[in-house]
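This report describes one protein chain for a reader who is new to structural analysis. Please keep the sequence and the 3D view at hand while reading.

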Amino acid sequence: MPQPPRGRPPGRRDAARAAGLLGCLLVLLLVLLLSIAFGARALTPGEVWHGLFDSDSPGYTAVHRMRLPRTLLGLLAGTALGLAGGIMQALTRNPLADPGLLGINAGASAAVAAATALLGVTGFTGYVWFALAGAGLVSVLVYAVGGGRGATPARLALAGSALNAMLYSFVSGAMLLDTASLEQMRFWTVGSLAGAGPATILRLLPFVAAGVLLALALARPLNAMALGDDSARALGARPALTRAAAILAVTLLCGSATAACGPIVFVGLMVPHLVRALTGPDLRWLLPYCALLAPVLLLGADVLGRVLGRPGELQVGIVTAVLGGPFFLYFARCGKVARA
């Protein structure tokens with residue numbers, strides 16, 4: 001299991017990590033408030049406050065039917081994507097692992113596109129089961145094509161990139177051939193929180209909650225597997241069961257988040273990299289940090305898109321791609337990705 005760096009007592013380092021976790025929680029609360037306060041329609045702080053509690057307030061509709069649901073959706077989806085990225089990077093020992101880069105989101109998107117075009121499926125209730133199936137299938141394919149237990153970061157990245165390109169080509173082709181039935185997917189394929197509603201939140205919550213609990217429970221076994229399968233077995237871990245549970249967790253998290261708001265890239269890549277500089281490789285700390293900071297990134301990008309795009313808005317998937325591209329290139333250029 002990863003050990004704290006020498007030179008600082010473990011107790012003091014854990015206290016610093018706990019204090020940092022509390023700081024992340026406060027930042028998340030601040031971003032949640034900003035997400036409710038700012039939008040494409042300008043409201044004063046007083047109008048937002050009354051809109052939260054007074055059904056007769058002019059801002060009630062904007063706050064309760066638009067900003068509050070999309071804020072909760074961003075919280076759930078961000079948590080799901082951040083944890084999925086952390087789990088994937090630990091499982092594959094690949095710092096490039098990300099639900100978007102390795103094709104997991106593309107698998108969910110392709111399954112939803114096929115269900116919409118062929119079966120007329122609409123809405124989260126219909127999307128989610130196909131998205132879960134697509135995400136799970138691609139998770140297994142990437143791991144198998146990348147070499148299974150002998151997979152290397154380069155092989156996994158190549159396998160994921162190939163599947164990602166193939167599946168998104170399928171999605172684009174399906175939309176071109178059947179534009180009438182897939183017009184509703186236009187914003188979904190970009191990645192957006194704008195379609196959030198109370199019903200979507202309630203239906204998404206069980207899938208994300210199950211994925212979060214499973215991901216956090218995998219912290220110790222995945223820590224042990226970082227030392228190799230033989231050492232992990234000596235420490236009481238079961239590598240095969242851990243891998244299967246990790247794939248299930250990633251499927252639940254990525255599939256449900258993609259079904260709710262479309263494929264959003266780079267969140268699962270950026271956040272674990274940033275968090276690892278604060279916590280080190282210990283997943284017992286890294287995963288909770290990811291669960292708090294990923295929604296900060298996603299909601300912050302959503303607020304930025306709403307403010308910059310007034311009187312309309314930029315979809316959050318576009319903003320995260322614009323932010324994530326330079327980030328990825330910077331880390332690749334500095335060699336930090338290779339050493340992560």
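Phe266 lies in the loop between helix H11 and helix H12 (267–279). The model in which this residue is placed is a predicted one. Although Phe266 is not a glycine, its phi is positive, at about 80°. With a relative accessible area of 13%, Phe266 is buried, because buried means under 20% relative accessible area.

**The chain as a whole**

The chain contains 15 helices and zero strands. Of its 340 residues, 51% count as buried. Among contacts between residues at least 6 apart in sequence, 75% join residues at least 24 apart.

**Helix H11 and its packing partners**

Two packed helices are described by the angle between their axes and the distance between the axes. Helix H11 (residues 239–261) packs with helix H3 (residues 60–92) at an angle of about 150°, and the two axes are 9 Å apart. Angles over 145 degrees count as roughly antiparallel, and H3 and H11 are therefore roughly antiparallel to each other. Their crossing is left-handed. On the side of H3, the contact is made by Leu73, Ala77, Ala80, Leu81, Leu83, Ala84, Ile87, Met88 and Leu91. On the side of H11, the residues of this contact include Arg243, Ala246, Ile247, Val250 and Cys254. By class, the contact of H3 with H11 consists of 17 nonpolar residues, no polar residues and one charged residue.

Helix H11 also packs with helix H5 (residues 123–145), at an angle of about 140° and with the axes 7 Å apart. That angle makes H5 oblique to H11. The crossing of H5 and H11 is right-handed. Among the residues of H5 that make the contact are Phe124, Tyr127, Val128, Ser139 and Tyr143. The contact of H5 with H11 has 13 nonpolar, five polar and one charged residues.

**Residues of helix H3**

Which residues does Arg70 touch, leaving aside its neighbours within four places in sequence? Arg70 lies in helix H3, and its contacts are Leu193, Ala194, Ala196, Leu299, Asp302, Arg306 and Glu313. At 6% relative accessibility, Arg70 counts as buried.

Gly85 is also found in helix H3. Its relative accessibility is 0%, so Gly85 counts as buried. Not counting residues up to four places away in sequence, Gly85 touches Ala97, Pro99, Gly268 and Pro272.

**Positions separated along the chain**

Residues that are separated in sequence may be compared by the distance between their C-alpha atoms.

| Pair | Separation in sequence | C-alpha to C-alpha distance |
|---|---|---|
| Gly85 and Pro99 | 14 residues | 6.3 Å |
| Leu214 and Leu253 | 39 residues | 10.0 Å |
| Leu25 and Val296 | 271 residues | 9.5 Å |

Leu214 has its place in helix H8 (residues 198–217). With a relative accessible area of 22%, Leu214 is partly exposed. Leaving out residues up to four places away in sequence, Leu214 touches Ala245, Leu248 and Ala249. Leu25 lies in helix H1 (residues 10–37) and is likewise partly exposed, with a relative accessible area of 36%.

**Cysteines**

A disulfide is a covalent bond between the sulfur atoms of two cysteines. How many disulfides does the structure hold? The structure holds zero disulfides. Cys290 is accordingly in no disulfide, and the nearest cysteine sulfur, that of Cys24, is 9.8 Å away. A disulfide is assigned to a pair of cysteine sulfur atoms within 2.5 Å. Cys290 is buried, with a relative accessible area of 0%. Cys254, which takes part in the contact of H3 with H11, also counts as buried, at 0% relative accessibility.

Technical notes:
Residues numbered from 1 in each chain as written. Predicted model: local features only at pLDDT ≥ 70, side-chain atom pairs only at ≥ 80, totals over all residues. Heavy atoms only, no water. Axes fitted to C-alpha atoms, helices over the stretch in contact; angles between N-to-C directions. Helix = DSSP H or I, 4+ residues; strand = E, 2+ residues; numbered from the N terminus. Parallel < 35°, antiparallel > 145°, perpendicular 65-115°, else oblique. Left-handed = near helix turned anticlockwise from the far one by under 90°. Contact = heavy atoms within 4.5 Å. Nonpolar A, V, L, I, M, F, W, Y, C, P; charged D, E, K, R; others polar. Buried < 20%, exposed > 50% of the residue type's maximum accessible area, 1.4 Å probe, protein only.
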